[in-house]
Amino acid sequence: MRVSFYTLGCKVNQNETGALEQLFLRRGYTLAAGDEAADVYVVNSCTVTAGGDKKSRQWLRRAKRLNPGAVTVMAGCYPQAFPDEAAQLEEADVVVGNVDRAAMLEDIQKALDSGERVVDIRAHEKGERFEELPMENFEGHTRAFIKVQDGCDRRCAYCVIPRARGASRSRSEESVVKELAALAAAGYKEVVLSGINLPSYGKDTGTDLVSLIEAAAKVEGIERIRLGSLEPDLLSDEAIARMAAVKELCPQFHLSLQSGCTATLRRMRRVYTAEEYARVVEKLRTAFGGFASFTTDVIVGFPGETEAEFAESLAFVCQQKFLKVHVFPYSRRAGTPAADFPGQLTEAEKADRVHRLQTAADAVRDTLAREMLGSEDTVLLEKAVSSNLFTGYTRLYLPVAVKAPGAAAGQIVTARLTEWDGERARAEAL
């Protein structure tokens with residue numbers, strides 16, 4: 001039996017798909033290659049935007065065209081957040097959510113045996129524990145993504161994630177360190193700690209994210225640690241100081257923003273102001289001796305966002321000098337408070353603001369990249385382009401193509417940045 005996966009959304013989704021692949025392999029499945037027809041097609045959905053739901057449905061329809069007799073599975077955040085809607089999807093033979101993912105295999109077997117649809121969307125429960133899933137290798141990747149936290153206790157006005165993911169819950173530090181040791185033994189030198197609301201790690205188990213970072217740094221063989229998305233208000237002065245003391249921690253932070261206008265942030269029900277956000281950025285830069293980079297996400301066209309508020313957000317984003325910004329239009333999600341807010345903008349207005357902010361952010365990125373030329377940084381060699389040319393990322397998360405004769409993918413080398421072509425830097429290993 002062959003299985004094919006399609007994953008939308010965040011690094012957590014990608015991590016979970018990797019774990020599901022291993023569960024299927026243990027059951028005797030093989031992974032379909034490329035456009036090879038499969039017996040089972042699984043979409044691990046993202047429902048942050050309506051566009052994600054649409055892509056999920058389109059992919060299942062395509063799968064049915066490739067193999068009309070295959071079992072198609074809609075899984076993940078979309079069914080969990082909108083169970084009634086997902087249960088009616090004609091494209092899906094099996095519909096499951098985010099609770100007890102391992103049970104998906106039994107649901108698929110039922111569909112294979114009976115030929116009937118199976119809808120098994122289990123509700124999140126109070127006191128739910130972190131679900132352990134296998135993750136022994138990351139096929140095709142030279143860095144390992146480790147899911148350490150799930151769920152979110154916040155209630156931002158636009159967000160369906162708490163409904164899709166449930167309450168915040170943490171993986172035990174012992175379990176994480178054990179997996180890190182196994183990954184290091186397999187040759188992985190860089191790991192990414194990821195979660196739905198990563199800074200809330202440990203609040204349910206009596207520890208915290210910084211303690212986990214410190215424990216991860218002690219694992220022999222782990223040379224670089226990266227962090228997933230962070231909430232700025234959860235980074236205390238003590239946490240920042242402790243993080244800066246961990247030499248293995250890459251000084252690159254994806255710090256969630258959403259808007260650079262405080263009035264808009266208030267309507268979004270975010271718990272910080274633009275000024276407070278800027279202070280956290282400055283504290284991180286100072287703690288890491290000025291050697292730090294920042295990436296973020298920004299929503300434009302939130303209900304009620306005036307042209308003046310958008311301009312304020314655009315100016316703030318440019319002032320913060322982000323190395324990369326993901327700009328996306330507000331997506332109206334049923335059941336969220338913002339769906340009923342007055343002042344909904346048209347799709348054309350939102351698209352225009354996406355273009356303007358992304359263009360400005362990209363210009364800042366170009367300037368920052370050129371300022372780095374001539375400097376030295378370490379690079380994880382990820383993909384071999386030729387016998388002596390590799391693509392990879394610096395500690396600051398700048399994409400590079402580095403000449404490294406005699407090296408191999410998975411190694412970390414020190415390199416000098418020499419050119420910038422608008423997409424990635426050229427570098428030479430020292």
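Is Arg-61 buried, partly exposed or exposed, and what is the relative accessibility that decides which? In this predicted model, Arg-61 counts as partly exposed, because its relative accessibility is 36%. Its salt-bridge partner is Glu-91, with N and O 2.6 Å apart. Glu-91 counts as buried, at 14% relative accessibility. Arg-61 belongs to helix 2 (residues 50-66), whereas Glu-91 sits in the loop between helix 4 (83-87) and strand 5 (94-96), so the pair ties together parts 30 residues apart in sequence.

In total, the structure contains 39 salt bridges. One of them joins Arg-165 to Glu-16, with the closest N and O atoms 2.6 Å apart. This pair links distant parts of the chain, helix 6 (residues 161-165) and helix 1, across 149 residues. Arg-165 is buried, at 1% relative accessible area. Glu-16 is also buried, at 1%.

A further salt bridge pairs Glu-190 with Arg-226 (2.8 Å, N to O). Strand 9 (residues 190-195) holds Glu-190 and strand 10 (residues 224-227) holds Arg-226, so parts 36 residues apart are tied together. Glu-190 is buried at 0%, and Arg-226 is buried at 3%. Shared partners join Glu-16, Arg-101, Glu-128, Glu-131, Lys-147, Asp-150, Arg-165 and Arg-169 into one salt-bridge network.

The structure also holds three cavities of 30 Å³ or more. The largest cavity has about 80 Å³ of space. Its lining comprises 13 residues, and those closest to the centre are Asn-15, Phe-130, Leu-133, Lys-147 and Arg-171. Helix 1 (11-26) and strand 7 (143-150) each give two or more residues to this lining. Strand 7 gives the most, with three. By type, the lining residues are seven nonpolar, one polar and five charged.

Definitions and conventions: Residues numbered from 1 in each chain as written. Predicted model: local features only at pLDDT ≥ 70, side-chain atom pairs only at ≥ 80, totals over all residues. Heavy atoms only, no water. 1 Å grid on protein atoms, 1.4 Å probe; cavity = no way out; pocket = protein on both sides within 12 Å on 5 of 7 lines; lining within 4 Å. Points joined across faces, edges and corners; volume = space filled by probe spheres on them. Helix = DSSP H or I, 4+ residues; strand = E, 2+ residues; numbered from the N terminus. Nonpolar A, V, L, I, M, F, W, Y, C, P; charged D, E, K, R; others polar. Salt bridge = Lys/Arg side-chain N within 4 Å of Asp/Glu carboxyl O. Buried < 20%, exposed > 50% of the residue type's maximum accessible area, 1.4 Å probe, protein only.
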